[in-house]
Amino acid sequence: MIEIGKYNDLRVNRFVDFGLYLIDDEANEVLLPKRYLTGEEQIDDMLHVFVYNDSENRPVATTETPYAVVGNFALMRVNQVNQVGAFLDWGLVNKELLVPFREQRVRMQAGRSYIVYVYIDDATKRIVASAKLNKFLDNKMPRFYHRQKVNVLVVQRTELGYKVIVDNLFWGLLYSNEIYGDINIGDRRTGFIKQVRDDGKIDVTLEKIEKVRVDDLGEVIENYLKKHGGEMALNDKSDPKDIMDTFNCSKKDFKKALGLLYKQKKVTLGETTKLVK
């Protein structure tokens, strides 16, 4: 079955003047227009394509990559607004994504970007988007364990930090004092579960389990020393800002990583940090 709004692996069935037809295991065909062909395609080749509906609601395939498929959230920019709704840059050259007025949390404006959810409208069977995110997120109790690895999408700045969507299913919170480095709305990051509260709210961190984090940082410091003549001015008494600017980490983690390297007899510590040759 060819899935509209998603990626499909389909077989080349026949060529026509305006492209080629791909076929699934149930003999359903979809056109891949000529502009997407490389000239190397042959009958029975398997192609990985995205399938959507064209302006006449006919399925068509593309080798382009949309910013989000059906069932996913993403940050997209509004190209234009008309009497029907807002049309988003979907990442496809010949297809914009409609957000009907009824699916706008606030009236969208051209040139601005919004987090939206992509889905197939039951009435029209067309792929559309919605900015009313709450109705697409699970209201069940999350089942995560401590430090479980998850995917997060950064959605909104709050007083405490950033509101994020966890694993495309739940709301979570990322605290400002645990963020090292730049973060922007629409960013996709790997996160780790800190806790699931009794009310179902999720606290997330971008930091790895401490041991893994410190081991990784130790390797970064060692490589930095190798690239800078085996010595650096930073030590365990350095200013936290200087450490952050150089290694994008907290002073606490920096000191632990230096201590690990010292125990491994890879560095000497003093007014400067030197690599043991």
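Two strands are taken to pair if DSSP finds at least two bridges between them. Helices (H or I, at least four residues) and strands (E, at least two) are DSSP runs, numbered from the N terminus. The model is predicted, so that local features need pLDDT of at least 70 and side-chain atom pairs count only at pLDDT 80 or more, while totals for chains, interfaces and linings use all residues. Residues are numbered from 1 along each chain as its sequence is written, and side-chain values use heavy atoms, with hydrogens and water left out.

Strand β14 (residues 188–196) takes part in two pairings described here. With strand β11 (residues 149–157), β14 pairs in the antiparallel sense over five bridges; within this pairing, Val150 has Gly191 of β14 as its bridge partner. Strand β15 (residues 202–205) also runs antiparallel to β14, and four bridges join the two. Here Ile193 is bridged to Val204 in β15. β14 and β15 form a hairpin with five residues between them, and Gly200 in the turn has a positive phi of about 90 degrees.

Ala27, which is not a glycine, has a positive phi of about 70 degrees. The residue is found in the loop between β2 (19–23) and β3 (29–33). With a relative accessible area of 53%, Ala27 is exposed, where buried means under 20% relative accessible area, exposed over 50%, and partly exposed in between (1.4 Å probe, protein chains only). Asn168, likewise not a glycine, has a positive phi of about 65 degrees and is placed in the loop between β12 (161–166) and β13 (170–175). Asn168 counts as partly exposed, at 27% relative accessibility.

Asp239 caps the N-terminal end of helix α2 (residues 240–247), a side-chain oxygen lying 2.7 Å from the backbone nitrogen of Lys241. Just after α2, Asn248 takes a positive phi of about 55 degrees.

The buried residues of α3 are Asp253, Phe254, Ala257, Leu258 and Leu261. They cover an arc of only 135 degrees around the axis, which puts them on the same side of α3; the arc is that of the directions from the helix axis to the C-beta atoms. An α-helix has 3.6 residues a turn, so residues three or four places apart point the same way. Lys252 and Lys263 are exposed on the other side of α3.

Strand β5 (residues 59–62) includes Thr62. Thr62 counts as buried, at 0% relative accessibility. The side chains of Thr62 and Tyr36 are joined by a polar contact of 3.4 Å. A polar contact is a pair of N or O atoms within 3.5 Å; within protein, one must be able to donate a hydrogen and the other to accept it, and residues adjacent in sequence count only if both atoms are side-chain atoms. Not counting residues up to four places away in sequence, Thr62 touches Leu32, Tyr36, Val49, Phe50, Tyr52 and Leu92, contact meaning heavy atoms within 4.5 Å.

The structure holds 13 salt bridges, each defined as a side-chain nitrogen of Lys or Arg within 4 Å of a carboxyl oxygen of Asp or Glu. Among them is the pair of Arg102 and Asp121, with the closest N and O atoms 3.3 Å apart. Arg102 lies in the loop between β8 (95–100) and β9 (113–120) and Asp121 in the loop between β9 and β10 (127–130), so the pair ties together parts that are 19 residues apart in sequence. Asp121 is buried, with a relative accessible area of 10%.

Arg189 forms a salt bridge with Asp187, the closest N and O atoms being 3.4 Å apart, and Arg189 is partly exposed at a relative accessible area of 28%. In the salt bridge between Asp236 and Lys237, the closest N and O atoms are 3.8 Å apart. Asp236 counts as partly exposed at 28% relative accessibility, whereas Lys237 counts as exposed at 70%. Asp54, Glu56 and Arg58 are linked in a network of salt bridges.
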